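Please examine the fold displayed here before reading on. The paragraphs below lead from the overall architecture to individual helices and side chains.

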Amino acid sequence: GLVLIGFVLCTLVLLDRKRNFNLRTMFWMVPQMDDWVSIYFALIALQAFNSFSRFGDPVLTGIGIAFYVAPALGMWVGFQVGMNTLLLRRLLAVYLIGSVICAVSVFLSFRGFTHPLLKEVGEGLLITFRHGFSAQGASGFWRTSEIASWHLAAASCIAATMGAASSKRSSQTGLLLLSIAFGFLTILTGRRKALVLVLTFAAIFFLLLFRRSDTAFKDRLVSNLLGTSGLAYLLFTLVIVGALGRNFGEFLTRTLTTTDDLGERFKGQGLGAIFRAIEVAQFFGFGVGAGAQAGNLQVTQNRGITSLGFVSEGGGGRLIVELGIPGIIVILMLIWLFAQVFYRNFALLRYLPSETSVLVLGLASFAIANIPSFITAGQLYGDPFVLIMMSISMGSFLAVPALVAEYRQQASAAQAAMSMPSRPHSIGRP
């Protein structure tokens, strides 16, 4: 709640300085986006009225509105921050520092340290690893293992991005090593999808990076990554494994089985939930908030739909349940336009310095890597902070055209200053 309040205040301050949202500046490469964003907000307003008229619950309606408005505001804030790369780096550094503190608490929680701040909210979730062995995942200060796993994965992706974007070899090595450490600690949460998020990000990031970066940069990054991986392996085998206790083997074994049910999970909770949602939501949907945990209960009681919890477990199912077929048409159109924006901004990266282009590309890769996770596990993305982090990451990539224009303007001004003839010194009379 405090994070959401702080984010809203930050948005209001930025809006007061900018005077208006000026969406055309964000999407000037694809101006049609401006009209579809207006349609999107009109749809959310209509579905908010639909939700309140059905359930008469202003809290539920407010939760639903926040789910759809927070990402849009986050992208706008990310765009504004992305135009100041120094500020963007500082904000990411603050997030990493906070994540390091919480990551230490996850380690302590796994090792059995007991403290009220390290205890999961409520009774906690008991994870069955195999027949005869069950345990709770470590959560630390994040208080739930699912939120802890996502933030550890997010910190791993952001540290890798900042490491790849660093021009100093020592900083690059340190940040890449920190990224590996965050990724490793996701194992302690018992949540396998966090590691899937990290690996998906790595695949997208390096695929895009190697299509855009120059050969010298790629060679330097690969050599540094290989050296960092070797160092991480030595630390893992000689120091870390022995400090984690005997139950770590169970968590590691569970993580290694991630690929076994990956396809089945995507088919069931992803595609299966979408098809089932089309059946139960009819045409217009139940309104915003209906797919949230509180909304599940109310819709089930009002309509007798016993499978709504399954439907809204996946993000795609929740969107259909809440927005109906009209909402899906609008969202698919926005996705198509976003793909055009991404493609055209990606083409502009060659005009930016390598450090800047790699930074915004890594953040965009992180946001994209969350899409498969959202489709199969949408409840996690009901957390406002998760939505804000994702949308700010994507929003910073929308600032690429503005950064290119600013960079060219600075280059032209510098060139003009160098070509300006110097004024001869006046020689005074004796």
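The account that follows begins with the protein as a whole and then turns to particular elements.

The model is predicted. Its secondary structure comes to 17 helices and two strands. The chain has 430 residues, and 46% of them count as buried. Among contacts between residues at least 6 apart in sequence, 80% join residues at least 24 apart. The protein exposes about 21600 Å², and carbon and sulfur atoms supply 66% of that area.

Helix α15, residues 354-376, reaches 34 Å from its first C-alpha to its last, close to the 33 Å expected for 23 residues. Here 17 of the 23 residues are buried, so α15 is likewise largely enclosed by the rest of the structure.

Contacts within the protein can be followed from single residues. Ile204 lies in helix α8, residues 192-212. Leaving aside neighbours within four places in sequence, Ile204 is in contact with Ser365, Ile368 and Ala369. The C-alpha atoms of Ile204 and Gly362 are 8.8 Å apart in space, although these residues are 158 apart in sequence. With a relative accessible area of 1%, Thr228 is buried. Apart from residues up to four places away in sequence, Thr228 touches Thr173, Leu176, Leu177 and Ile180.

Charged side chains come next. Side chains of opposite charge can pair when their charged atoms come close. How many salt bridges does the structure hold? The count comes to two. In one of them, the side chains of Glu146 and Lys193 meet at 3.7 Å, N to O. Glu146 lies in helix α6 and Lys193 in helix α8, so this pair ties together parts that are 47 residues apart in sequence. Glu146 is partly exposed, with a relative accessible area of 23%, and Lys193 also counts as partly exposed, at 21%. Another salt bridge joins Glu322 to Arg318, with the closest N and O atoms 2.9 Å apart. Both of these residues lie in helix α14, residues 315-348, four residues apart, or about one turn of the helix. Is the Glu322 side of this pair buried or exposed? Glu322 is buried, with a relative accessible area of 0%. Arg318 is buried as well, at 3%.

Arg143 is placed in the loop between β2 (133-136) and α6. With a relative accessible area of 29%, Arg143 is partly exposed.

The structure holds zero disulfides. Cys102 is buried, with a relative accessible area of 15%, and Cys157 is buried at 1%. Ile97 belongs to helix α5, residues 85-110. Because its relative accessibility is 55%, above the 50% cut-off, Ile97 counts as exposed.

Definitions and conventions. Residues are numbered from 1 along each chain as its sequence is written. This is a predicted model: local features need pLDDT of at least 70, side-chain atom pairs count only at pLDDT 80 or more; totals for chains, interfaces and linings use all residues. Side-chain values use heavy atoms; hydrogens and water are left out. Buried means under 20% relative accessible area, exposed over 50%, partly exposed in between (1.4 Å probe, protein chains only). Contact means heavy atoms within 4.5 Å. The expected span of a helix is 1.5 Å times one less than its number of residues. A disulfide is a pair of cysteine sulfur atoms within 2.5 Å. Accessible areas come from the Shrake-Rupley method with a 1.4 Å probe; for residues, only the protein chains shown count as cover. A salt bridge is a side-chain nitrogen of Lys or Arg within 4 Å of a carboxyl oxygen of Asp or Glu.
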